[in-house]
There are 2 protein chains.
Amino acid sequence: MHASKKPEYRAVFQPGNRSVFVLAGTPVFEAAARGGLVLNNPCGGNGTCGKCRVRVVEGNCPPSRSCRDKLSDSEIDHGIRLACQARIEDDCLIEVPEETLFDSSARILVAAEDQQLTIQPCVRKQYVEMPLPAAGDNLDDCTRLERALDQSLKTPLSVLRRMPELLRQNRFKGTAVLYGHRLLDFETDDTSETAYGIAFDLGSTTIVGTLLNLRTGREEAIAAAMNPQISVGGDLVSRILSINDRPEALEEMRLSVSAELNNLIDSLMEQSGVERRNVYELALAGNSAMQQIFCGVSPAALGEIPFSAAFQKGVICRASECGLRTHPEAPLYVFPQIGGFIGGDTVAGVMAALMHTGRRKQILIDIGTNGEIVLAVNGRLLAASTAAGPAFEGARIVQGMRAAPGAIEKVTVNEEDIEYNVIGDTSARGLCGTGLIDGAAELLRLGLIDSTGRLLKPCEAPDSVPAKIRERLIEHADEHVDFRITDKDDTGNGSEVHLYQQDIRELQLATAAIRAGTRMLLKQAEAKIEEIDEIMLAGAFGNFIRRRNARRIGLLPQVDTRKINFIGNAASMGAKIVLLSSELRQLAEKTAARTEHIELSSDPEFQNEFAEAMIFPEEELRT
Amino acid sequence: MHASKKPEYRAVFQPGNRSVFVLAGTPVFEAAARGGLVLNNPCGGNGTCGKCRVRVVEGNCPPSRSCRDKLSDSEIDHGIRLACQARIEDDCLIEVPEETLFDSSARILVAAEDQQLTIQPCVRKQYVEMPLPAAGDNLDDCTRLERALDQSLKTPLSVLRRMPELLRQNRFKGTAVLYGHRLLDFETDDTSETAYGIAFDLGSTTIVGTLLNLRTGREEAIAAAMNPQISVGGDLVSRILSINDRPEALEEMRLSVSAELNNLIDSLMEQSGVERRNVYELALAGNSAMQQIFCGVSPAALGEIPFSAAFQKGVICRASECGLRTHPEAPLYVFPQIGGFIGGDTVAGVMAALMHTGRRKQILIDIGTNGEIVLAVNGRLLAASTAAGPAFEGARIVQGMRAAPGAIEKVTVNEEDIEYNVIGDTSARGLCGTGLIDGAAELLRLGLIDSTGRLLKPCEAPDSVPAKIRERLIEHADEHVDFRITDKDDTGNGSEVHLYQQDIRELQLATAAIRAGTRMLLKQAEAKIEEIDEIMLAGAFGNFIRRRNARRIGLLPQVDTRKINFIGNAASMGAKIVLLSSELRQLAEKTAARTEHIELSSDPEFQNEFAEAMIFPEEELRT
């Protein structure tokens, strides 16, 4: 006896040649997200806004009714579909136009426009021609350049040392590279069109680097790698503890990250053909521990009550001081932090989600290794951090694992039995976070888990539960019950993957942390969940969640799913827009400073909320 | 036949144990100057102000009438004398009180008081106690410190890296070391009384370093060394040319100077017992070429018309960037420059002489390797540089030499013959700058040189010239004449030292450059020499000149000698006061920017003035 398994197809997405395996019937939008491409969804995936157009180049991906409503016949014939409506029913090659990509230059331009900002990075270039020194005009080199630029300069020693030669090698013509009043370089000829920057999203698990054209805002290349600190420990706390045990581990971890960032820089240079001496500015966003380790600042105090960060304001240094190989004078901006574990990635996410504008009432939920929640309401910004992450990343789940090949990432129920999807073309080995949420939500719907989180015995199962599903409930001699999701295959290969009672308990703890945290922020702000215009899910995990299921188990608030939007890698986006706009950088500093850090662990009310939040929601919302 | 030689005595001065050999009858003031100690002389050495008191501890140094007028009997009994009046008639040990030293902390305090400035260096220390992090107060470390200091901070990466440890090692108490908003360090306990700085005078020939207590302004130690670049070439032009020939010479010269400065730092630390990590700030003044080479900036453009310097504004970098071993974050201030060869040493001299205040009409003349002249009049500051130096340093003088042992440094005339003084306890080997001036001035007075600079033949000598002196005129077969100053001694040792006709010509050229430069500045400013309140002689050479003789040959303007004052090592003094006062540093920047650089070589009028100035003044002023 084993679960029915829908056919699985391979979908390949352009740009980037990203390839994923998905169950038949998976919406294109979801498949794209699995491939790391987050698409626009202003209407919340209802097929009404038409902003998620893609083109199916090869394969079968039938147009839905909404597709036919919103698209012309000619468009349909050319393979255009709404990604939120069309479903994958074949191996497909799908092209995502730039304007459909959420996480793209286009989006950056939109974000900039929204805030009435133009692309104006801190680094700028200006071509100048100076009068030649002559009898009666023996101005010093620096003043001569200042007059031509019509601004005063601070010239670092390394540039001053080359100044006489730089000015004379091209007869007092050339391009000044400026960072405020700081002269980073003076280049021969007019190079004012050549200016690049790199934005890094330094996650605990993944590092993403994006090469941006600082003139146009265009993304020239993207590169990603695993954070090499994973070898020390998957979660932040184990990395902090290892530094407490062995102080030299800090420098080792700093060097390993710096080496990995240099690998990414190498890759970005190779992909784009850009020269590293034309990369004049970098921005980096990560959580507090990642940022501090990257800077070489001990995170030990983050590991002890009351969880003090070393800095709040953004750190500006030379990238070369951190060992990064770009222009030797290129400044590196490390994001400001809000407090405790709420670091630069959250600030970057707030900026990317435009929460700092205060125009809409928004909640940002980033479920990564830690769970961060930010509430923007009534002109205020409030943020909290909870220890939600490990369960969703597989930790403490009996057969838990990361979202890697072999992980059950999706569970659904049909009339007869359950269906599931495994990442990669392989048999199931375990359960990742989204599979865990799906499983729990479906069992709640079937009435096989009660609101206290107890898995019912087979004899207690409601009559409406199909027999095949009921048979998956396994009662042990000690009265414990678990639920078998997969069996060994016919040849006896693969493993049985079960959802255990204790997994449900871990899920309740993790979910309750986020849910209680969200409630605490609303209470602090004297706001109600009904007022909220938008709930934004960010982070690697957030992008793969089934919104309805996450809401069913109470991880997400009980609001219309149309109000729940994925915003992709918000930290990366934030790093990019702040790199492109000096005004946004100032706003990021102000935003970090004015965001109220709500310290949950010290608040007895949080304990009450947490206890209450352990109970799953009784009923499911319709929409 | 040889010149009579007065007895010679050894005078030892305290502080510093400086020992010199001088002719009997030499004023104490002059002997002290020979030993490198410049004393106060506000009255110009007339014995009227009583500001040059010294104490003769051992030896005979009879009080003059002025001494008896200005000092009490008890003071006289205790060996107190006026240095400008009392003369050395024995081997002596003389103590110079701090208030008598021109070049001293006392003088700095006076200078500061004059300008209504208190000692307030850029670097300051502040002891703070912060609330400990606790539940409900998990402020980040940087903000916690900012609040305690009540100012915002810029924290360099190297300090940020140690921040969590620095704050916690003494339970959030300690002393912040601040440079404006920059946090240089955070020290355990209250160290606010411990703050030192070093002022460097980087001369082409000599380097002087002074360790200053930044709290009290006190000089804790002084150290001096030869500029090791002398091995490349004594004058600036030869050093610049060697860099033009071989670009790597720049880095070699930079490193050799940096190594020598480190030797001086070592010596200052050893003398004072101060630790190098407590030296938080440095200031350095030198001429444009020396400053640029020290910074590692090629001075090539200074060696070519129109003599462009690389920078005018002062350079601020970390001393460690220049290889200096003090506190690793200690800022180093390299003086602003006026233009061309007129560099930081001139700006420092202007500051030391209070010329920037515009209160008096002043001329500063610094006769070093180059000759720099600055005029302060009618609210303006004008500066010019002339190629005066080489002759005064012995270059191109047949038997010329530096002021080193064996150099005739003084020539006088008595009723019968000439007298002379040789540096060190040795026989004469040659003629240094002061001896050259003295010789020419005395021969002008005797009528043995006419105003065109021609040495008369013995037969042309006026009758009034004593026979022994007349016999020193030697007429050669080709009608050239020279003047024998010294003979071999009785045993046939030592050398004959002559003053040659061509030496007089070189002296005329050097003198005319300074004289014409001074006139050009006065003309530019529409001022007359009679209006000038004070002429200040600075630099190593200026301090040993006999004012009356320098005026006789026209090197100094025709003004009352009481208006001519020595101001010692003005560059060193300027570096010290600017290190002690951030306000004075700002004034130094403004002063450099507003000083008008009068470019002489390109001005045809200068050529006329120069030609006229070749003629020696006809008559001598009385006073």
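On helix 8 of chain A, the exposed residues Ser238(A) and Asp245(A) sit on the face turned away from the buried side of the helix, where exposed means that 12 or fewer other C-beta atoms, placed from the backbone, lie within 10 Å of a residue's own, buried that 20 or more do, and partly exposed anything in between. This is a predicted model, in which local features need pLDDT of at least 70 and side-chain atom pairs count only at pLDDT 80 or more, while totals for chains, interfaces and linings use all residues. Residues are numbered from 1 along each chain as its sequence is written, and chains are lettered from A and ligands numbered from 1 in the order in which they are written.

The buried residues of helix 8 (residues 236–245) of chain A are Leu236(A), Arg239(A), Ile240(A) and Ile243(A). Seen down the axis of helix 8 of chain A, these buried residues fall within an arc of 100 degrees, so they line one face of the helix; the arc is that of the directions from the helix axis to the C-beta atoms. Among what covers them are helix 9 (248–272) and helix 10 (288–295) of chain A.

In chain B, five strands form an open sheet of mixed pairing in the order 2-1-7-4-5, two strands being paired if DSSP finds at least two bridges between them. Strand 2 (18–23) and strand 5 (80–82) of chain B stand at the edges with a single partner strand each, so one side of each is left without a neighbour in the sheet. Strand 4 (residues 53–58) of chain B runs antiparallel to strand 5 of chain B and is joined to it by three bridges, with Val54(B) standing opposite Arg81(B) in strand 5.

Terms used:
Helix = DSSP H or I, 4+ residues; strand = E, 2+ residues; numbered from the N terminus. Contact = placed C-beta atoms within 7 Å.
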